[in-house]
Amino acid sequence: MALDESNDDDTVIEVEGLKFLVENDLASNYGGFNIEYVDDYRGKGFLISLLGVGQSDCSSCSSCG
């Protein structure tokens, strides 16, 4: 994640007044990203993860293998 200006090879996504620039190569190679703003005991900041990675359908970690 970096502060940058938009280029011709970027996709610009605006959510609630914030603009996110995603390089088209990244979007096509990885399929999508989930961006969350976190404010918890560890601190504040953005958490960026790939869609579908590390997610499961189980509701309890104790039942995951």
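**Figure 1. The hairpin of strand 3 and strand 4.** Strand 3 and strand 4 form a hairpin in which two residues lie between the strands. The model shown is predicted: local features need pLDDT of at least 70 and side-chain atom pairs count only at pLDDT 80 or more, whereas totals for chains, interfaces and linings use all residues. Residues are numbered from 1 along each chain as its sequence is written, and side-chain values use heavy atoms, with hydrogens and water left out. Helices (H or I, at least four residues) and strands (E, at least two) are DSSP runs, numbered from the N terminus. Strand 3 covers residues 33-40, and strand 4 covers residues 43-50. The two strands pair in the antiparallel sense over eight bridges; pairing requires that DSSP finds at least two bridges between two strands. Across this pairing, glutamate 36 stands opposite leucine 47 of strand 4.

**Figure 2. The protein chain as a whole.** The protein chain has one helix and four strands. From the N terminus on, these elements run in the order β-β-α-β-β. Of the 65 residues in the protein chain, 6% are buried; buried means under 20% relative accessible area, exposed over 50%, and partly exposed in between, with a 1.4 Å probe and protein chains only. Among the contacts in the protein chain with a separation of 6 or more, 7% are accounted for by residues 24 or more positions apart. Contact here means heavy atoms within 4.5 Å.

Figure 3. Serine 49 counts as partly exposed because its relative accessibility is 25%. The contacts of serine 49, not counting residues up to four places away in sequence, are with Gly32, Phe33 and Asn34. Serine 49 and isoleucine 35 are 14 residues apart in sequence, and their C-alpha atoms are 6.7 Å apart in space. Isoleucine 48 has a relative accessibility of 41% and therefore counts as partly exposed. Between isoleucine 48 and glutamate 36, twelve residues apart in sequence, the C-alpha to C-alpha distance is 6.6 Å.

**Figure 4. The salt bridge of arginine 42 and aspartate 40.** The structure holds one salt bridge, defined as a side-chain nitrogen of Lys or Arg within 4 Å of a carboxyl oxygen of Asp or Glu. Arginine 42 forms this bridge with aspartate 40, and the closest N and O atoms are 2.8 Å apart. Arginine 42 is exposed because its relative accessible area is 64%. Aspartate 40, with a relative accessible area of 29%, is partly exposed.

Figure 5. The strands run antiparallel and are joined by six bridges. Threonine 11 has valine 22, in strand 2, as its bridge partner. The hairpin has two residues between the strands, and glutamate 16 in this hairpin takes a positive phi near 50°, in a residue other than glycine. Glutamate 16 is exposed because its relative accessible area is 82%.

**Figure 6. Valine 12 and its surroundings.** Valine 12 is found in strand 1. With a relative accessibility of 42%, valine 12 counts as partly exposed. Leaving aside residues up to four places away in sequence, valine 12 touches Ser6, Lys19, Phe20 and Leu21. Valine 12 and asparagine 24 are twelve residues apart along the chain, and their C-alpha atoms are separated by 9.7 Å.

**Figure 7. The second largest pocket.** The second largest pocket holds about 260 Å³ of space. On a 1 Å grid over the protein atoms alone, a pocket is an open set of points where a 1.4 Å probe fits, with protein on both sides within 12 Å along at least five of seven lines. Grid points are joined across faces, edges and corners, and the volume is the space filled by probe spheres set on the points. The lining comprises 13 residues, and Ile13, Val15, Phe20, Phe33 and Ile35 lie nearest the centre of the pocket; lining residues have an atom within 4 Å of a point. Strand 1, strand 2 and strand 3 are the elements that give two or more residues to this lining. By class, the lining has ten nonpolar, two polar and one charged residues. Ala, Val, Leu, Ile, Met, Phe, Trp, Tyr, Cys and Pro count as nonpolar, Asp, Glu, Lys and Arg as charged, and the others, Gly among them, as polar.
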